[in-house]
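Please keep the sequence and the structure at hand while reading.

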Amino acid sequence: MRDLRRENRTAVLQRLYFDGPMSRFSLGPATGLSSGSVSNVVAELVAEGLVEEAGSVDSAGGRPRTLLRITPGSGCMIGVDVGETRVRIELFDLTLTELARTERPLAVDRPNPHERYEVGVVVEHVRAGIAEVLRTAGVPAERLLGVGVGVPGIVARTAEEGAVVHGQTIGWDAVPLERLLRESVDLPASVPYWIDNGAKTLGQAEMWFGAGRGARSAVVVLFGSGVGACVVTDPMGPGRALEWGHLTVRVRGRRCRCGARGCLEAYAGAEALLERWREAGGRPPAGADEETALTSMLAAAYPADADTEPDATAVAVLEETAEYLGAGFGDLINLFQPERILVGGWAGLQLGARFLETVKGYAAEYALTYPAARVGIAMGTLGPDAVTVGAAILPLADFFARGGRRAEAEPAEEQPAWASTVRERAAH
């Protein structure tokens, strides 16, 4: 009976979340529940403050029907993006409206990424950032449903340590990040942490709220200093992280920051792209972070002033990069035959507007004809905040799976068993 009640609460909450405001009358056919079940569940949720009235709508010949919606302030989530140049922390209400944010820069002047991502520094940034956003928004920590964290690398889980991060390209060898955060961050023990690969959280956000909505399958690409991807075969499922950037595209090619040779990331990642420009005689601005340097490279290759001569070296490197990316997309098409490929990440956002059509052309050349003709390649729509939004979705999805009940004070499981309860959403 408890399981049935939880499933009924989950169905009502999710339908109101994705399709609300809705009336009790509309919730019946939308959830498949009887009118009596809907009334009982709604009464519980209203009494608990999770659902509230949101006006009314005329009915055919009867009394106006009261509309219901999720109460925005009934819970909060924090999303964290451990990115290439900064750690971004955002606080959201239950409807994913941003309440506060802060960014903590990483030491971009250190060429060795192992020094830039020093574990103690990252943990301190997260600790201070969480305290700051809660203080700025005036939100007590007890209202948090959880903290989601997107990180570069592979995330495993153990009973003793919780989430453990294997980030070879940043020098993280089995870092017990969940334990370190629990020891450092001043939050109640009942607040769960959901730590996962940043490309997965990006994919989560785009599939729920962005350019992936309505797609049955997709590959969401994160293009930043490095290159990553997430393949999604269940529209509301969490997806699976791919170390796409470490696919070999050139035997005995350039040395990648992972230590291997010829990886896609060694040619198409922003860090490698800028290095190739420098090696070819280009002049990235001294002391600038990668985002600023990439902006300068684009400005040099495609000057706004028609009288300024384009930097031929920058143009050549960028065009070669577009071909490498197209070939990488061709591999994704051949391997997974997705309905869509979506491009995100800060470097993807900078380069996409200018190079997406070129990349599409190369992808069609390198992929098999049949799957290439059936895939749509487009930009993600959630912008630079997609990873933090996706990270915040992780505790939100668990909250829904529990029927709007908070998690107990225990380590999080590997993945919430919520995918099967939200598939209906895919049809909408």
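## Domains

Which domains does the domain assignment of the chain give? In this predicted model, the assignment lists domain 1 (1-70), domain 2 (76-201 + 385-402) and domain 3 (213-379). Between the C-alpha centres of domain 1 and domain 3 there is a distance of 44 Å.

## Nonpolar cores

The largest nonpolar core holds 47 residues, and the members that touch the most others are Trp-244, Met-297, Phe-329 and Ile-341. At least two residues of this core come from each of β12 (218-223), β13 (227-232), α8 (265-268), α9 (270-279), α10 (290-301), α11 (312-336), β15 (340-344) and α12 (346-366), and α11 gives the most, with 10 residues.

Once its neighbours within four places in sequence are set aside, Phe-329 is in contact with Val-221, Trp-244, Ile-341, Val-343, Val-359, Ala-363 and Ile-377.

## Helix α10

Helix α10 has 12 residues and spans 16 Å from its first C-alpha to its last, close to the 16 Å expected at 1.5 Å a residue. Its buried residues are Glu-290, Glu-291, Ala-293, Leu-294, Met-297, Leu-298 and Ala-301; because they cover an arc of only 165° around the axis, they lie on the same side of α10. At the start of α10, a side-chain oxygen of Asp-289 comes to within 3.2 Å of the backbone nitrogen of Glu-291.

## Asn-197 in strand β11

Asn-197 is part of strand β11 (residues 193-197), and it counts as buried because its relative accessibility is 9%, where the cut-off is under 20%. Its side chain reaches the backbone nitrogen of Ala-199 at 2.8 Å. Leaving out residues up to four places away in sequence, Asn-197 touches Val-151, Gly-153, Val-155, Ala-241 and Glu-243.

## Backbone geometry

Most residues other than glycine have a negative phi, and most peptide bonds are trans. The peptide bond from Gly-20 to Pro-21, however, is cis, with omega near 0°, and Pro-21 sits in the loop between α1 (2-19) and β1 (22-23).

Ala-174, found in strand β10 (residues 172-175), has a positive phi, near 55°, and is partly exposed, with a relative accessible area of 36%. Arg-252 likewise has a positive phi, near 55°; this residue is placed in the loop between β14 (240-242) and α8, and it counts as exposed because its relative accessibility is 74%.

How values were computed:
Residues numbered from 1 in each chain as written. Predicted model: local features only at pLDDT ≥ 70, side-chain atom pairs only at ≥ 80, totals over all residues. Heavy atoms only, no water. Core = buried A, V, L, I, M, F, W, Y, C linked by side-chain atoms within 4.5 Å. Buried < 20%, exposed > 50% of the residue type's maximum accessible area, 1.4 Å probe, protein only. Helix = DSSP H or I, 4+ residues; strand = E, 2+ residues; numbered from the N terminus. Contact = heavy atoms within 4.5 Å. Expected span 1.5 Å × (residues − 1). Arc of directions from axis to C-beta. Polar contact = N/O pair within 3.5 Å; in protein donor to acceptor, adjacent residues only side chain to side chain. Domains from an automatic or database assignment.
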